[in-house]
Amino acid sequence: MHAHPDDETLSTGGLIATFAAAGLPVCIVTCTRGERGEVIALPGTTSEGLAGLEGDGPALGAYRETELAAALEHLAGDAEGPGRIEHVFLDMLPGVPDTVSGTPGAASGVSGAPRLPADVAPFVAGTPGAARYEDSGMAWVAPGVAGPAPDSPPTAFARVPLDEPAGRLAALLRARRPAVVATYEPGGGYGHPDHVRTHQVTVRALDLAAGPAVRQGEPWAGPELWQAVAPAAEVRAARATLAALPEARELATTHALTLPDPHEPLPPLAKPTLDACWSAPEPADLQPWSAEGQVIGTPGYRSPDDLPITRLGGAAGLGAVRVDARPVLGRVVAALRAHATQVQHATALPHAAGPVVGWYALSNGVLAPLLPDETYLVARPFR
């Protein structure tokens with residue numbers, strides 16, 4: 001569940017590509033089309049000459065849809081059948097009608113949604129496409145940290161009443177019955193108001209979709225909520241390592257980029273509470289992740305046991321999982337490059353440099369490290 005095109009790769013690209021590579025079905029839901037994004041328009045990339053899209057919301061949103069489609073192709077690799085990646089925009093999910101047949105949502109691979117449960121339907125207004133969730137915009141308030149835009153429009157996604165988009169998402173969750181729902185932590189990862197709202201919508205939708213009254217008599221264990229985070233110590237170590245790499249310093253000098261400061265305040269996704277858990281975990285606390293008992297996609301489909309995902313048990317009372325992104329790093333970097341209006345200089349290192357396996361920069365011009373692992377806090381199962 002993501003706010004804009006490119007967030008699926010920036011926040012959860014390793015997880016998406018890992019599931020797809022293992023033959024597991026993945027459905028990406030995007031809340032807006034990123035109409036208010038800044039356009040990098042870097043020479044030598046597919047964004048060259050596109051600076052005029054910035055400020056033209058409909059045109060930029062339409063173009064970012066094409067970037068998203070290309071990025072998902074890279075994340076999927078050659079996955080077919082149950083391992084394909086589906087996509088739908090949240091405002092194209094069905095309202096009261098039984099299916100999204102004949103709508104742009106159906107073309108994105110989401111179809112056959114059942115009639116909404118009685119306690120979900122009242123929250124869904126109208127029909128697919130009747131709503132239009134628009135990018136709320138943002139302002140950089142610190143290096144790598146965003147805040148609300150001073151000119152956020154009244155149609156902005158962050159201003160939509162919570163139960164309207166949550167009801168649409170709840171209907172999809174009832175149809176798909178996922179084992180895992182992944183999104184941002186409550187601070188939206190880096191503070192963007194659409195990211196914060198996306199977290200809120202996701203949590204509310206899970207409550208609507210998996211509440212006891214809704215699930216009565218139906219065999220669904222309910223999903224886990226995975227929230228994208230990172231141990232603060234790892235983020236600082238990766239920033240320090242990146243700033244010391246000669247090739248990163250050369251790139252920064254050549255392209256007027258800023259190297260990250262490992263000592264500055266970190267965005268909300270960096271969690272100091274995770275540091276001790278991952279620095280020296282007890283072997284008994286580390287177990288392979290499995291969705292055994294969870295129905296993923298079609299009834300009876302189970303996840304493979306050999307996914308490169310590790311669950312942290314009871315250390316510090318924390319539930320978390322780690323996804324080794326290195327086996328799918330090439331897919332992730334290719335997907336980042338597909339989002340060329342938003343992401344620049346996406347690079348995978350031929351050999352890891354400690355906690356750094358690559359880098360990229362956003363429109364703020366700050367070089368950011370790619371970490372070898374993605375970390376997710378696991379909230380209570382919604383059962």
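Colleague: What does the accessible surface of the protein come to, and what share belongs to carbon and sulfur atoms?
Modeller: About 15,300 Å², with 57% of that belonging to carbon and sulfur atoms. Those areas come from the Shrake-Rupley method with a 1.4 Å probe, and for residues only the protein chains shown count as cover. Bear in mind this is a predicted model: local features need pLDDT of at least 70, side-chain atom pairs count only at pLDDT 80 or more, and totals for chains, interfaces and linings use all residues. Residues are numbered from 1 along each chain as its sequence is written, and side-chain values use heavy atoms, with hydrogens and water left out.

Colleague: OK, what's the mean pLDDT?
Modeller: The mean is 81, and 75% of the residues reach 70 or more. pLDDT is the predictor's confidence in each residue, from 0 to 100.

Colleague: Where does it stay under 50?
Modeller: Residues 96-123 are one such stretch, and the model has 60 contacts for them beyond four places in sequence. Residues 280-305 are also below 50, with 64 contacts beyond near neighbours in sequence. Contact means heavy atoms within 4.5 Å. Where pLDDT is low, the predicted coordinates should not be read in detail.

Colleague: Switching topic: how many helices and strands are there?
Modeller: The protein has 10 helices and 14 strands. They are DSSP runs numbered from the N terminus: helices are H or I with at least four residues, strands are E with at least two.

Colleague: And what percentage of the residues is buried?
Modeller: 55% of the 383 residues. Buried means under 20% relative accessible area, exposed means over 50%, and partly exposed is in between (1.4 Å probe, protein chains only).

Colleague: Which residues of α4 are buried?
Modeller: E164, P165, A166, G167, R168, L169, A170, A171, L172, L173 and R174. That is 11 of the 14 residues, so α4 is largely enclosed by the rest of the structure.

Colleague: What span should α4 have?
Modeller: At 1.5 Å a residue, the 14 residues of α4 (163-176) should span 20 Å, and the end C-alpha atoms are 19 Å apart, which agrees. The expected span is 1.5 Å times one less than the number of residues.

Colleague: What comes just after α4?
Modeller: R177, with a positive phi of about 50°. Most residues other than glycine have a negative phi. R177 is in the loop between α4 and β5 (180-184), and it is partly exposed at 22% relative accessible area.

Colleague: What about A256, what's its phi?
Modeller: Positive, about 55°, although A256 is not a glycine. A256 lies in the loop between α8 (246-255) and β7 (270-271) and counts as exposed at 67% relative accessibility.

Colleague: Now packing. At what angle do α2 and α10 pack?
Modeller: Helix α2 (residues 57-76) and helix α10 (residues 329-338) pack at about 170°, with their axes 8 Å apart. That makes the pair roughly antiparallel. Axes are lines fitted to C-alpha atoms, for helices over the stretch in contact, and angles run from 0 to 180 degrees between N-to-C directions. Under 35 degrees counts as roughly parallel, over 145 as roughly antiparallel, 65 to 115 as roughly perpendicular, and the rest as oblique.

Colleague: Which residues make the contact?
Modeller: On α2, E67, A70, A71, H74, L75 and A76; on α10, R331, V332, A334, A335 and A338.

Colleague: Last one: is Q227 buried or exposed?
Modeller: Buried, at 10% relative accessibility. Q227 lies in strand β6 (residues 224-231), and its contacts include T183, Y184, H199 and Y376.
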